[in-house]
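Q: I am new to this structure. Can you walk me through how to read it, feature by feature?

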Amino acid sequence: MKSVISDKHFHDEAAAYRWVEARVWPEGPVCPHCGGVDRISPMKGKSTRLGVYKCYQCRKPFTVKIGTIFESSHVHLRLWLQAIFLISSSKKGISANQLHRTLGVTLKTAWFMGHRIREAMRGGALTPMGGEGKVVEADETYFGDIPEEDRPQFTSTGRPVSKDPRGSPSRRKRTIVSLVERGGSVRSFHVPVAQPGSVVNVVRENIARESRLHTDESRLYIGVGKEFVAHETVNHSAEEYVRGDVTTNTVEGYFSGAMVESW
Ligand SMILES: [Zn+2]
């Protein structure tokens, strides 16, 4: 049996990026600035840092580190992966001093890495959005066309997918779910097609139950909406966009690249 520690992503920086990208973006890169998935290309200039992509929708560069515990850290990604391995495989925990000696980073850096990793491991990868008295909007949107050969052949209930070009966009296009905490942060997720359950999982895993959930009238949110303090909807098909402060306009603005921080 091969030693786990000999895995390439612990030693090779490009392999470390590929390893993290495959987990953060299982369906391909998602722009953290505008939520776009189309027209994204890796930047390949000689002086370009590893792992930089450019989104030609909002024209901003990004790496997979944005929105993760690796964000704004200059420590090599492969060292982060070594640190995560050491911390998660040790029953008694690892001191900053031990991390400093094993990884060869400064004590201050070791302390910072250990703090971020332990923070992320505390009950799931990310702390939930929203909370008591807070509003979180959820909305899904469809981007681009999935190539014919990659489209699902069967629905989640096992029925063959209609080949009708006017069929549901959720069968033909890539699905993005965005969550926006009003006055707070934004998270976007690329979810597999033909699996309504994956939208529900994103909502369930990322929003605190004490929050008020705002969505459109989509049937996707009816069941999971009952798990929240309140689930309020606007009826877009009846051209209702705002009722009191019930709206999904923030999340829709995010899809179109608008600023949401100033809500
Ligand atoms: Zn973008």
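A: Start with the elements: helices (H or I, at least four residues) and strands (E, at least two) are DSSP runs, numbered from the N terminus. This is a predicted model, where local features need pLDDT of at least 70, side-chain atom pairs count only at pLDDT 80 or more, and totals for chains, interfaces and linings use all residues. Residues are numbered from 1 along each chain as its sequence is written.

Q: How many helices and strands does the chain have?
A: The chain has 8 helices and 10 strands. Arg 39, for one, lies in the loop between helix 1 and strand 1 (40–42).

Q: Is Arg 39 buried, partly exposed or exposed?
A: Count neighbours. A residue is buried if 20 or more other C-beta atoms lie within 10 Å of its own, exposed if 12 or fewer, and partly exposed in between; the C-beta atoms are placed from the backbone. Arg 39 has 14 other C-beta atoms within 10 Å, so it is partly exposed. Its backbone is worth a look too. Arg 39 is not a glycine, yet it has a positive phi of about 50°.

Q: What is the phi of Arg 59, and where does Arg 59 lie?
A: Phi of Arg 59 is near 65°, a positive value in a residue other than glycine. Arg 59 lies in the loop between strand 2 (53–55) and strand 3 (61–62). It is exposed, with 10 other C-beta atoms within 10 Å.

Q: What share of the chain do buried residues make up?
A: Buried residues make up 24% of the 263 residues in the chain.

Q: How do I read the sheet with the order 1-2-3?
A: Start from pairing: two strands pair if DSSP finds at least two bridges between them. This open sheet has 3 strands, with antiparallel pairing. Strand 1 and strand 3 stand at the edges. Each has a single partner strand, so one side of each is left without a neighbour in the sheet. Strand 1 and strand 2 run antiparallel and are joined by 3 bridges. Pro 42 stands opposite Tyr 53 in strand 2.

Q: In which sense do strand 7 and strand 8 pair?
A: They pair in the parallel sense, over 5 bridges. The bridge partner of Leu 213 is His 231 in strand 8.

Q: How is the packing of two helices described?
A: Two packed helices are described by the angle between their axes and the distance between the axes. Axes are lines fitted to C-alpha atoms, for helices over the stretch in contact, and angles run from 0 to 180 degrees between N-to-C directions. Here, the axes of helix 1 (residues 13–24) and helix 2 (residues 77–89) come within 8 Å and cross at roughly 60°.

Q: Which residues make that contact?
A: Two residues are in contact if their C-beta atoms, placed from the backbone, lie within 7 Å. Helix 1 brings Glu 13, Ala 16, Tyr 17, Trp 19 and Val 20, and helix 2 brings Leu 77, Arg 78 and Leu 81.

Q: Which residues touch the most other members of the largest nonpolar core?
A: A nonpolar core is a set of buried Ala, Val, Leu, Ile, Met, Phe, Trp, Tyr and Cys residues joined through C-beta atoms within 7 Å. The largest one has 23 residues, and Val 136, Ala 138, Val 177, Val 199, Val 202 and Val 203 touch the most other members. Strand 5 (174–181) is among the elements that each supply at least two residues. The largest share, 4 residues, comes from strand 5.
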